[in-house]
Every structure is written in C-alpha cells, then in structure tokens.
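Dear colleague,

I am handing over the structure below, together with an account of what was found in it.

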Amino acid sequence: MSSYDHKKIEEKWQGYWNDMNTYQTEVDVNKPKYYVLDMFPYPSGAGLHVGHPLGYIASDIVSRYKKLKGFNVLHPMGFDSFGLPAEQYAIETGQHPAKTTEENIKTFKKQLFKIGFSYDWSKEIRTSDPGFYKWTQWIFIQLFNSWYNKESGKAESIGLLIKIFEKEGNKNIKAECDEGTPHFTAEEWSSYSKKEKDGILLKYRLTYLADAVVNWCPELGTVLANDEVKDGFSERGGYPVERKKMKQWMMRITAYADRLLSNLDTLEWSDSLKEMQRNWIGKSNGCEINFAVEGKDTILTAFTTRPDTIFGVTYLVIAPEHELVQELVTEAQKESVSEYLEIAKNRSERERMSDVKQVSGVFTGSYVVNPFNGKRIPLWVADYVLAGYGTGVVMAVPSSDDRDFKFATHFDLPIINVIDGTEGMEDPTEKKHGIMINSGFLDGLESTDAIEAAIKEAETKGIGKRKINYKIRDAVFSRQRYWGEPVPVYFDENDFPQPVSEEDLPVTLPEISEYKPTSDGKPPLGRAEDWLYQDKYPFELTTMPGWAGSSWYFLRYMDSNNEKDFVDKDVVKYWNAVDFYLGGTEHATGHLLYSRFWNMFLYDRGFIFHEEPFKKLVNQGMIQGRSNLIYKVKGEDKFVTHSKKDQYEVSEIHIDIQLADKDILDIEKFKQWRPEYTNSEFVLNDEGKFECGHLVEKMSKSKYNVVNPDHVVDKYGADTLRMYEMFLGPIEQSKPWNTHGIDGVSKFLKKLWRLFYNDSGTLSISEDNPSNEELKVLHKTIKKIEEDIESLSLNTSISAFMVCVNELTSLKCHKKEILESLLIILSSFAPHICEELWHALGNKDSICNASFPKWDNSYLVESMLEYPISINGKVRTKMTFSADYAVENIEADVVKNEIVQKWVEGKSIRKVIVVPKRIVNVVIG
C-alpha cells in the first residue's frame, strides 16, 4: 500500500487479528501472567461516546506493552447487562429486556471492534446470560450456607455451626450475627422444631432475609441503593424516593468490615480512593451508654466515641425510623412528631449525612436520665441521626459536636462546656480536646484519659460497655424488578427461605405479560404463572441488585466457558488477582467494596487463592464535552453573535456541535435542525460570521455535545483517536474534548508513513547500519516509552513519539533496524498502522508477537559535552570536551583558549572552577 489509507488499513488488520485469534489467551505456566481489566460497561442504547474509550485505550496500551514484554496477558471484555434502563424501556414498550440488551451489545461490540482493542472475545461474559448468572446464584447459595467465625477470622460452612450447636449450644460461639440473638444450650437446640432452627440459623447466615428500612422508588417500582439516590430522588429518571421498611435479602458485609479496612494498606490504589472506602466503612472505637426513659420501663442505648463528654449531654436524639419513636411520643406531641416523620422519611441517608446546613427536629415530649449524674434530659427526634448507624440514638453534647451545637442553638437548648478554655468561645466545638471541666469525677483529666476512665466507670456500674462500631451497614440485596438475576430461593411449608438444589441451577427468568409490579404491590415476577419450585413451593419474587454480577465477573473471565465450575481451581491459581484494573471513581464505595467482600468470602471458603481481587487500581478522569451555545434575544425572534451578546438581554441555547465548525455556526443547517427559527434574524460579527459561545461540561445528549467515536474513526482513523485521547492529558485527570487539536496527531501518523514510503509511494527502506545519532534518537525514545507506560504517563509518550519522528525525518533516516524497533514500541498506541508497516518490512508474524526492544544506555550517554565558559560571572564563550575528559585537562585547555586570553589580558587568573558537565567559571582580578 503506497499511501496511508486508514480505513483500508484498519479494516484489514482488525479482520486479520480476529481471524487469527491473535488476542486469545490460555494458561501458560511457562510465562509470567498479567491480568488487565476494564470495568465492564452497561450496554446502553446510546452506545459509546468519545469519553468512554479513554480508560479502554489506556488499558489496551498496557496490555499490548506487557505482551511485548513477554507476559501472558489476559485482557477480556464483557457486559454488565442487567439494568434499569432496559427494564424501563420494556415497561414502556412491552419489548423484552433481553432483546433490547442484545441489540445494544451488538452496537457496543461493533464500536469497540473499530477502535482496535486487544480483547480476548472468546472469554466474553454477560451478566444476563443464564450460563453466567447460574454461578452468581451458586455464590449466593454458598453465602447462604456460611457464617462468619470471629475466632478463626473467616467464613465457614453453616454445617460446622450446626455441629457446634448440637454439641454445646451457642453460648461460647464468637460469630457475626443479628443483635439480640438468644443464647441456648445443646439440649434446647435439639428440642427446637425445624422452623425454630431455621429462624436461628438465619441470624447467622451471610445472606439473610430481614426487615430493613430501604430507599423505595414507587415510580421505578424498586428499592435503590444509597448511591443510586440523590437529594431524595432516583439518580436514574429523577423520581421521588421514600424511606420504607420492607422485607429484604441482606448481605452481611459488616462481618468483613475490619478486613476490608485493614487490607487497604496492602493495595496499590490511590490514597483518595482508599480514604473514600475508609470513610464508608467508618470504624469508630467508643462506648455504648444506657439512658433510662423517665416513667417507662425502656432503655435507650447511645453509641459515642466521646464518653468523656457525658456530663455535657443536654438532650438525647433518636432517628425518625427508630422502632420506639411512636411509643416514646407523648399525646401532646403526636401531631408534631407525625408531621416531622412524614417529611423525614423521604430524605435518603446519604442526603441526611451530608446536609450540615439544614437543622430540623421535634421534641417527643419524653425525658431520659443521664446515668452518670441522674439529670433529666429531653428526648428529640431528628433526621441527622440514622437508625442504621450505631444504635440509632445519639447523646447530644452541643459544646463538643458541630451538629449538636447547631441543633441546640437553633432550638435554644442548654450548652454545658466540658473542655477547659471553651467557656468564653462563641463556638466551643472549635476546641474538641483538653482538660475536662464540669464533669464530676473526670474533672482535671486530659480528654484522652477521660475517655478511658468514663468507659471503665460505665462498665463498673453496668450502665454501658466498650464498643467498636462501623458506619457500613449490611447491604440490601433485593430489587423489586424483573430484569435481574432471580434469587435461587423458595419458601417451604413454614414460609421459611430455602436455597434451591445446586443441580437445579440456573433458576431462569420466567416469561411474564408485563414488566411492572402487580396491582397488589408484588414485584414483576409475581406475574409469572405457575412459577413454582418442584411444582410446589413459591419462588422468591425479588431479583438481585445490579452489583451482584459485577462482584465476581473478574473471576469468570478466567474460565468463562466452564460449565462444571464457576472457575477451575488451577486456572484461578494461575491468573490470581487482577494486576491492573482501570475504571471510574463512581464505583469507589459500591462495586469495589462488594467485589472485595465476595472475593474475601470465596477465598475463606477455599474456592480461590487470593484474598483481594485487584492489586493495582487506577481511576481514569472524564472526557468532558465542549458544548456550543447561541444567544437568543429575549422577547424577539433574533439571535446575536457571541461578540455582541452583551449589547442585548439574551438567553443561552445549546445547539448540536455538528452545526458549528470551529465555533462558527452554519446558519442554514441550524434552521433545518430547528425549523421554528427559519425566519429568525441573525446578528453577525464584523467579519460577517456568527460566532457561537462554548462551555466545557459533562458530555450528554441533552447538551447536544456528544461526540460519537465512530465519526472520529471514520474521518481520522482509530489510531488517531487512540493517540489523541492519550494526548489530551494525564489519564487520571478530567479534560475537555476538542477536535481542534486532533489534526496534529493525524499529521504525525502521515509523517511516520513517509519514513517508510517516498513521495512517489514506493517503499524506501535501507538495510544500512544506523548511525550513532539515529541510535541515540531510537534508544532515548525506547527508554522514555517504557518508563511512561510503567508509570501510566501516556500523554507524554505521544509527545516523545512526535519528537522521535521529527528527529528521524531531519536525519533522513529510513534504516530498517531503527524503524522496526520504532514500530514495536509505537504499536501499543497505534496498532493498525504499525502492523501494516511491520509487514511492509517483510515480517510474516503479527507485530503483537514481537518483543519490546531493550534500550542501550551507551547510546544515551553524551560522548561530547559543551561547557559555557564564564569570566567573572558572564558567559564569554563555549568549549566542547569529551565527556570523560579530566577536570585538570579542562582547566588547562580553558586557560589556553584565545577568547579567554583576550578577556584575561593584563590581569591574573585567580581561580578556575569546573562544575562537571555544567559550566566553567574563571575568576580574574
């Protein structure tokens, strides 16, 4: 091929790689492994925009590079194909979600294929494929049949727990279980009915059925996770969300809280990402203190990390969802409390935790007693207290806690200073530690010592106990929707949940007439006719959440076609943990926590051999859209150019970015796009053009700023797209998309082509030995690219390639030895053109199977060095010396230099100072 035709070249080699199974990977114990993984996409109807491939391109560069370095690279791709959008579309149109999903996946694969990714498609997985979710259901059953043994520090078989119950009851068992689980002896256990035993075991299982306060979205007909709710509305669709108590499947992730926390130190993740997980897990060391409700036989237990401030408690607060609220409200306060609860229930926990400005609450009418000093304290309800964190009760110390201070100030409640030096402060919470005052037996102690003294006193008096608390809650695992994995559970004759037999997996989704909840409020699966287990027992009607499949998909890639096991043990032992994982920060406290939890569980039970799933994780930034705006004069059928908009009162209108070329609007195309403005007046600039404004913001269909990668690939080629996205900036940072700079990368590839083909289109390659200067350019570039890929500084690699090609062009280098190595190191970034030129050089095998060249330091060491010669602080000349020339020889030659002698004339040289490889200073006087 004599000219660079990106369309023909890319289609040719994509077909070749596919036909030759170039990227197919199997276990090879003779090679070191390297597992590269992208966070797999949900196949939306919109397909990819140019922001989506950013991380995929970076991981592809790493994958190709590692293969060239001799690693056996696993680089798979699949689809997180269960999801609400397909279900919502099914509700609106009646089309089965599977059909919509299949069509969307075809679009995604076509787009991914055109960009030239080195995915091993033989290992493709889809979470909605029964062959995949069979094993998601299998993992659920293993969790159901497991408990967490605190003594061994790991999950174990429920069968072992039953044997302990049969032998000695549960008095000596240290296990993660429900609060309030009763103690029983072996004799009592043996006397229990099957229903009673099942009820007790459910309190220990790692997945269990329980009543939980959840985020219920009536419009979507499902429960949402905290990270799917924003400001009281669903993130998808913007529908109202309310807090509601429902029976839900739960995952006992709290059993793993301490390991999830401590293991973060072993991971090669960013500090910010680790901190997000630490904050979400939220470990707190403190004390539980019991407050008796005045006039009732009721105890409210509050958890606090600051028991030293107990004498500063001026009110107690309970969460709106607390089970005792109604019982503790007096007749006089019932109406006020009911009104408040109605408002509070519609605020998500995330909103309540993050909203520090809004102060709200209501007095219950009841009082409690401070167990340390016997003082009477009012009991309030406020939504800044969460039922799921601690005990759902907070002892409020306004002088030491920011929220308590704002609350007390707002409602004119007492404030007692308990830290010396806070008495005269406008905001005493600014000083949180010091010498205790107004605190009885704690007076005079440092706050850190007082904490320990208060806990000991509470335990001695039997009014409290030491406690470690976590902010993380057990994860809700039920979704009231159709398009998800069926929970592999049926309900027996006692209406107790039982797992289906593993031989009966998968439990597949039944066909139903409509995809919305039933008229009596049951999930969509309630519409299935005669859907019974063993033609007798009703199935669970909820489905699994979106994070179920993504919590283990990285394991299935290793052995995706295995029908006997979720992954073969020898295979998982070889591939082990993911070496390099790349994806967005939006999954920091969802997917990444759940997948670590499931991975630890499977490790505990001996199914896999690595405790953590992802060794190194990098969060890529976002490619933002560059929107175009035009300005309509308010009240008139007139538009005004950007440079004159300040002369009018205008409103901004987003336009399709395809209507503007370098911010100049094609008015006729705009009128075709928006016919209602056909007769509008357009005020142009002084050059007779209509300038658009521009804005950098999230790429979105509603902003008309989405750039389809297909259009870029069609116009410039996949190699140009790949290199340009890396050229935009560091992979971890967000950056705007702007096609104004893409021409530079396109020209670079054409310049590369001309190193191989002359102006007449003839291959012009020399077999001559390269010069030292050519070798220096090459080896400098090899070293730079290797270091950049290892450090993920891929944007600077593009600059290095451009410099290299420019220098080789200046040297008129067409040497095969130089260009062959250049192609290898460039092939990770621009594989299509490199494969084409590689074969043009006479190579038969794919460039993907080549070896990454080693840089030779001898070519990087400067043989000659140029020294500025400074005389009394001013550079007067320059001299060149051999790099290994002795200092005393440099001194002697400088003194003899004619120009130096000219400046020295009539004066004496006092000193000659040689700074090796930098400068020579001559001091005269």
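**Aromatic pairs**

F407 and F411 are 4 residues apart in helix α14 (residues 402–411), so about one helical turn separates them. Please bear in mind throughout that this is a predicted model. Of these two residues, F407 counts as buried because its relative accessibility is 1%, whereas F411, with a relative accessible area of 24%, is partly exposed. Another aromatic pair is formed by F881 and Y885, and this one is stacked, with 5.7 Å from centre to centre and 15° between the planes. Here F881, at 4% relative accessibility, counts as buried, while Y885, at 31%, counts as partly exposed.

The count of aromatic pairs comes to 67. In the pair made by F407 and F411, the ring centres are 4.7 Å apart and the planes stand at 50°, so that pair is tilted. Ring pairs also link F140, F144, W249, F477, W547, Y594 and W598 into a cluster.

**Strands**

How many strands form the open sheet, and in what order do they lie? There are 4 strands, in the order β6-β5-β9-β17, and their pairing is antiparallel. The edges are taken by β6 (222–224) and β17 (475–476), and because each has a single partner strand, one side of each is left without a neighbour in the sheet. Strand β5 (residues 207–217) runs antiparallel to strand β9 (residues 242–251), and 10 bridges join the two; among the residues concerned, Y208 has M250 in β9 as its bridge partner.

A hairpin is formed by β3 and β4, with 4 residues between the strands, and G153 in the turn has a positive phi of about 70°. The pairing of β3 with strand β4 (residues 154–157) is antiparallel and extends over 4 bridges, and the bridge partner of N149 in β4 is K154. From strand β3 (residues 146–149), S146 and Y148 point one way and W147 and N149 the other way, yet all of them are buried.

**Helix α27**

Is helix α27 (residues 831–840) enclosed by the rest of the structure or left open? Since 8 of its 10 residues are buried, the helix is largely enclosed by the rest of the structure. The buried residues are P831, H832, I833, C834, E835, E836, L837 and W838, and they pack against α1 (6–19), α2 (53–68), α22 (718–727), α23 (742–754) and α26 (816–826). After the helix comes G842, whose phi is positive, near 105°.

**Cavities**

The count of cavities of 30 Å³ or more comes to 4. For the second largest cavity, the volume is about 60 Å³, and the residues that line this cavity are Y23, R64, K67, L68, S118, S827, S828, I847 and C848. Sorted by class, the lining of the second largest cavity comprises 4 nonpolar, 3 polar and 2 charged residues.

With kind regards

Definitions and conventions: Residues numbered from 1 in each chain as written. Predicted model: local features only at pLDDT ≥ 70, side-chain atom pairs only at ≥ 80, totals over all residues. Heavy atoms only, no water. Buried < 20%, exposed > 50% of the residue type's maximum accessible area, 1.4 Å probe, protein only. Contact = heavy atoms within 4.5 Å. Pairing = 2+ DSSP bridges. 1 Å grid on protein atoms, 1.4 Å probe; cavity = no way out; pocket = protein on both sides within 12 Å on 5 of 7 lines; lining within 4 Å. Points joined across faces, edges and corners; volume = space filled by probe spheres on them. Nonpolar A, V, L, I, M, F, W, Y, C, P; charged D, E, K, R; others polar. Phe/Tyr/Trp six-rings, centres within 6.5 Å; stacked < 30°, edge-to-face > 60°.
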